[in-house]
Amino acid sequence: MSNEAREVDSNIQLTSGVTLVNRYVIQDVIGVGGMGSVYRARDLHFPSVVKLVAVKEMINRASDPLVRKTIVQNFEREANILATLNHLSIPRIYDYFSEDNRSYLVLEFVHGKDLEVIINETPGFLTEERVLGWAIELCDVLSFLHSHKPDPIIFRDMKPSNVMVNPNDHIILVDFGIAKPFQIGQKGTMIGTEGYSPPEQYRGEAGPLADIYALGATIHHALSRRDPRLEPPFSFAERPMRKINPAISMELEAIIDTALQYNPDDRFHSAEAMKEALTAAGRKTGILNRANVTTASVQSSGGIKPLWVFQCEDEIRGAPLYYEGAVFIGSYDNNLYSLNAADGKLNWKYATDGGVVTRPAAFEGDIFFGSEDQRLHVVNARNGKVNWTYYTEGRVHSSPRIAEGHVFFGSDDQHIHAVNLSSGRAAWRFETAAPVRSTPYVAHETVFAGCENGDFYCVDFRGEMKWHYKAKMAITSSPCEADGVVYFGSLDGSLYALDARAGWVIWRFRMGKGSVASPYFAEGLVFIGSADGNIYAIDAHTNKEAWRFKTEHQVSSSPVVYKDALYCGSADGNIYCLEARTGRLRWKFTTKGPITGSPLVFDEIVYIGSTDHFLYTLLA
Amino acid sequence: MKSFFDRLRGKRTKPLPAPANVNTFPLKGEQLGLDSLRIVRVEPQQLISGCGQSIGKQREHNEDCLFAFSATMGGEANSAPLGLYIVADGMGGHQYGEVASSSAVRTMANYLLKRFHSYMVNPSEGMEEPLQEMMRTAITEAQQAVTQAAPGSGTTLTAALVLGQQMTIGHVGDSRAYALHLDRRVEVLTRDHSLVKRLEELGQISSDEAAAHPQRNVLYRALGQGEVLEPDIFTTPFPQPGYLLLCSDGLWSVIPDDTICNLVAAAPNLHNACQSLITAANDSGGPDNISTILVQLIG
């Protein structure tokens, strides 16, 4: 321990102005590695011009004098091999020397930026053309190294930060494994952070095909912007290139896949073979019209026929309810309709004095729904006769929720109302700071609801506030709860996960724009639509995005999961059916107006209303 | 007046000498009825914990570090127990393994407790920042502290921030968090960031091969290593009824899951449970440092 501590203390960087072996004046540090630093220096043997060199420093940390000597000998042998290499993409080696416990290698100074910096500085994706050009040059230099006589040279450390791109957009491979002798053996728990290295390299078996894998990983990183060091090792197959960056050609994706095969035998057999494949792909994609390569097998709306449709006199913005063989749906034409679920024939309609945008609820033969006429209406499910109504002092956009003998809903009168089901009288009213258009969620004797000024309330069954949270903008979104966590969206662009008991923010997921849509929880994922046009699936535990699906317009519709599929409408007029786990499109059906209402899926049938006045029924 | 009190106390103005060589015979847990804690109704709801640590049988240094903190506030309707539990395992062959683990733990505890201090004093202020983001920042701070205090070293870090019924876990490396359920179900909550585990997940090697793999100690993620770090952060309900167990690989690499469960179930209290886990690990050879924290949410 004490020996090692002293070594660390001697691990001091050279400062600018220091001259090494009377020849190289250090100007600046250009990189720091595990073995020491890399400096930019001026070579004094050329006094009349400024000749810059890169000086790579390696600190000898071995304490045993014999081991120290072996390390220096190995270093000098490697330096001698590298000094003989002559290739446009390899920096020239000018000199090497050792002083005290440090050894130095003097190399050609390469102008430009390394590929990692370029990836990070580029706002979007790098173009396929540019990356393809670099990849071909990298294959070329690897092929040169691998065919070195008498022994092939394995680069061993291909990664974006070891690839310099010069101002002419050509690549130079830097940081050869010359430092390897300085990595003295470590005992016990060790660390290998690579991310670009193939499985066999961790077993100490690095052949030419290891460089092929690492090149595949480097291209993957450059095109996908997904840093493999942040992902589990060997997980590239879980991130198919075109899923992340659909602009990439299938040809190039296939080449990357081959290079990244787990078993070396399944990869390209040489860098030369990979170079040929890249060149061929480049020629082919240059000819192919890329627009033809979009998703092929998706069923378009032409293939799907509704089982039946029903036309209202105005827009449908609410969600349907299925109850005892009938479908109930409200419309902006002020009516609540009861339709025969089998054929869509009208059972009855019930007129209110305002638009009906809420999702009805059913309890013991009665249908409950709110209307813009400021009332909650309770009508008989069979004949549509009114049982009772309950007056609020504002429009009712919030849907009723029935629990524990009460119906809970919000109103523009800035209250959450709890009404006794048998008496039709208010049990309590909870005053809020702004209109409540969010539908309350009721669980564990608590009521959760959002409010148009951004407040989120947790109220107990006596109508007293347990806690409250303030988002930056309106919460029109209706909350849902699972495993003690309550989820809701806000116009401030966030999806929130709050501790249901105390209101602590567990996580917050930022969407591109605000959301009035309500989240849906299923199998550990939270699904929500946003005004940025996306439907998101977020892992409820980790707050990581599982997938997103881009629609053509904003998504105010709230998704529903049925079996393994997710159903959601979009203002682009489509109802989408996506695979819930992956977000892959199964089918979509186009209506003639934006869809802002939410679907209902019951018994293999999807019911969805559109602003084109129609209620559609589709096979799930 | 002073003498009056002195008389009351029997004029014992000097403290008794410390009983250095005195053998005591403390009552066992069952005699004191401590195990009945599981049945007795407890109010207010609170977190209780026990810890154990040992250098093991084969190492010269202890490079593990652990931290346990529980706070309870009774009286307010809306108060919830708060707990912070951390285990870190410094890297064996590197310099400063123990510096790495302790600076990571101290930095993280310092950061998180500061964040909660104002909340504990004045809960009405609320907390704006999501717990998972706090955890992320705490790990970033710990990463910086390790890089500064012990360059070239590394450490694992597994932390559980318990607030009410939910716990937010931050994790890097191959220390572990377990949920031990009363029905003897053992749930590993964290995923080891170890190369061999990854190979096992990919089906490249069997679990038996993994247990004997020469590189089973190689991590692909650790604090203090590499400029980029992606910790695992997630929130999950506290196992109730049951226990949260945090431990370093000195425990889990030698003791099978069901043995862990049996030892915890058989112990009269959390402290004894931790000691029997440590003893079991040392009896199995004690190849590495061992750290354990057991936490229970009661009431």
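**Close-ups of a predicted model**

View 1. Two helices of chain B meet side chain to side chain by residue name. On one side, Thr259(B), Ile260(B), Leu263(B) and Val264(B) of H8(B) are in contact with Ala273(B), Ser276(B), Leu277(B) and Ala280(B) of H9(B). Sort those residues by class and you get six nonpolar, two polar and no charged ones. How H8 and H9 of chain B cross. Helix H8 covers residues 257–266 of chain B, and helix H9 covers residues 270–283. Their axes lie 8 Å apart, and the two helices pack at an angle of about 140°.

**View 2. Thr155(B) and its surroundings.** Look for Thr155(B) in the loop that sits between helix H4 (131–149) and strand E4 (157–163) of chain B. Is this residue buried or exposed? Thr155(B) has 35 C-beta neighbours inside 10 Å, so it counts as buried. Setting aside neighbours within four places in sequence, its contacts include Ala88(B), Asp89(B), Gly90(B) and Met91(B). Also among them are Ala100(B), Ser101(B), Ala104(B) and Val146(B), along with Ala222(B), Leu223(B) and Gly224(B). Tyr96(B) is 59 residues away along the chain, yet the C-alpha atoms of Thr155(B) and Tyr96(B) are separated by 9.9 Å.

View 3. Take the contacts in chain B with a separation of 6 or more: 73% of them involve residues 24 or more positions apart.

**View 4. H4 and H6 of chain A.** Over in chain A, helix H4 (residues 128–146) and helix H6 (residues 208–224) have axes that come within 11 Å and cross at roughly 165°. H4(A) and H6(A) are therefore roughly antiparallel, and their crossing is right-handed. From H4(A), the contact uses Val131(A), Ala135(A), Leu138(A), Leu142(A) and His146(A). H6(A) brings Pro208(A), Asp211(A), Leu215(A), Ile219(A), Ala222(A) and Leu223(A). By class, that's nine nonpolar, one polar and one charged.

**View 5. Where to be careful in chain A.** The mean pLDDT of chain A is 86, with 92% of its residues at 70 or more. Over residues 1–9 of chain A, though, the pLDDT is below 50, and beyond near neighbours in sequence this stretch has seven contacts in the model. Residues 183–193 of chain A are also below 50, and that stretch has 30 such contacts.

Conventions
Residues are numbered from 1 along each chain as its sequence is written. Chains are lettered from A and ligands numbered from 1 in the order in which they are written. This is a predicted model: local features need pLDDT of at least 70, side-chain atom pairs count only at pLDDT 80 or more; totals for chains, interfaces and linings use all residues. pLDDT is the predictor's confidence in each residue, from 0 to 100. Axes are lines fitted to C-alpha atoms, for helices over the stretch in contact, and angles run from 0 to 180 degrees between N-to-C directions. Helices (H or I, at least four residues) and strands (E, at least two) are DSSP runs, numbered from the N terminus. Ala, Val, Leu, Ile, Met, Phe, Trp, Tyr, Cys and Pro count as nonpolar, Asp, Glu, Lys and Arg as charged, and the others, Gly among them, as polar. A residue is buried if 20 or more other C-beta atoms lie within 10 Å of its own, exposed if 12 or fewer, and partly exposed in between; C-beta atoms are placed from the backbone. Angles under 35 degrees count as roughly parallel, over 145 as roughly antiparallel, 65 to 115 as roughly perpendicular and the rest as oblique. A crossing is left-handed if the near helix is turned anticlockwise from the far one by less than a right angle, and right-handed if clockwise.
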